[in-house]
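Please review the sequence and the model shown here. The briefing is organised by topic.

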Amino acid sequence: MPHGIEPLLTSLGLDDATGRALTAAAIGAGTMIAHVNDPYFWLVADAAETTPTQTLALYTLGTLVQACIVVAALMLVCAFTSASAVGR
């Protein structure tokens with residue numbers, strides 16, 4: 001973990017192995033959001049044969065949907081892992 005994030009894990013209750021894994025997954029989910037300075041954006045625009053404006057609208061919506069799904073999945077995993085930790 002980056003040293004800037006590690007001290008926060010304890011105060012957030014994420015200092016165990018599961019918390020660290022969820023944190024890493026959340027960081028990875030954050031990298032899914034891209035912009036026009038991302039080379040993949042231009043590959044998608046070229047492959048789809050769309051204008052940059054059309055690609056920005058579609059690509060932004062697509063990455064937003066992906067990010068929301070990952071956040072919801074992480075929240076479910078967190079809820080189930082905390083519930084199982086409470087039951088121990």
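This is a predicted model: local features need pLDDT of at least 70, side-chain atom pairs count only at pLDDT 80 or more; totals for chains, interfaces and linings use all residues.

Residues are numbered from 1 along each chain as its sequence is written, and side-chain values use heavy atoms, with hydrogens and water left out. The protein contains four helices and zero strands, where helices (H or I, at least four residues) and strands (E, at least two) are DSSP runs numbered from the N terminus.

**Fold and burial**

- Along the sequence, the elements follow the pattern α-α-α-α.
- Of the 88 residues in the protein, 15% are buried; buried means under 20% relative accessible area, exposed over 50%, and partly exposed in between, with a 1.4 Å probe and protein chains only.
- Among contacts with a separation of 6 or more, 39% join residues 24 or more positions apart, a contact being heavy atoms within 4.5 Å.

**Surface**

- The protein exposes about 6,300 Å², of which carbon and sulfur atoms supply 71%; accessible areas come from the Shrake-Rupley method with a 1.4 Å probe, and for residues only the protein chains shown count as cover.
- A nonpolar surface patch is formed by Leu61, Leu64, Val65 and Ile69, which together have about 380 Å² of accessible area.
- Patches consist of residues with over 30% relative accessible area and no salt bridge, like charges being joined within 9 Å and nonpolar side chains (Val, Leu, Ile, Met, Phe, Trp, Tyr) within 5 Å.
- A salt bridge is a side-chain nitrogen of Lys or Arg within 4 Å of a carboxyl oxygen of Asp or Glu.
- Leu61 is placed in helix α4 (residues 52–86).

**Aromatic residues**

- The whole structure holds three aromatic pairs; rings of Phe, Tyr and Trp (its six-membered ring) pair if their centres lie within 6.5 Å, with planes under 30 degrees apart counted as stacked, over 60 as edge-to-face and the rest as tilted.
- The Tyr40 and Tyr59 rings form a tilted pair, because their centres are 6.0 Å apart and their planes stand at 50°.
- Tyr40 belongs to helix α3 (residues 39–48) and Tyr59 to helix α4, so this pair ties together parts that are 19 residues apart in sequence.
- Phe41 and Tyr59 make an edge-to-face pair, at 5.5 Å centre to centre and 75° between the planes.
- That pair links distant parts of the chain, with Phe41 in helix α3 and Tyr59 in helix α4, 18 residues apart.
- Both partners are buried: Phe41 has a relative accessible area of 0%, and Tyr59 has one of 12%.
- Tyr40, Phe41, Trp42 and Tyr59 are joined into a cluster by ring pairs.

**Cysteines**

- A search of the whole structure finds zero disulfides, a disulfide being a pair of cysteine sulfur atoms within 2.5 Å.
- Cys68 is partly exposed at 48% relative accessibility, and Cys78 is partly exposed at 30%.

**Individual residues**

- Glu49 has a positive phi of about 55° although it is not a glycine.
- Most residues other than glycine have a negative phi.
- Glu49 lies in the loop between α3 and α4 and is exposed, at 74% relative accessibility.
- Ala67, in helix α4, is buried with a relative accessible area of 11%.
- The C-alpha atoms of Ala67 and Thr31 are separated by 9.1 Å, while the two residues are 36 residues apart along the chain.
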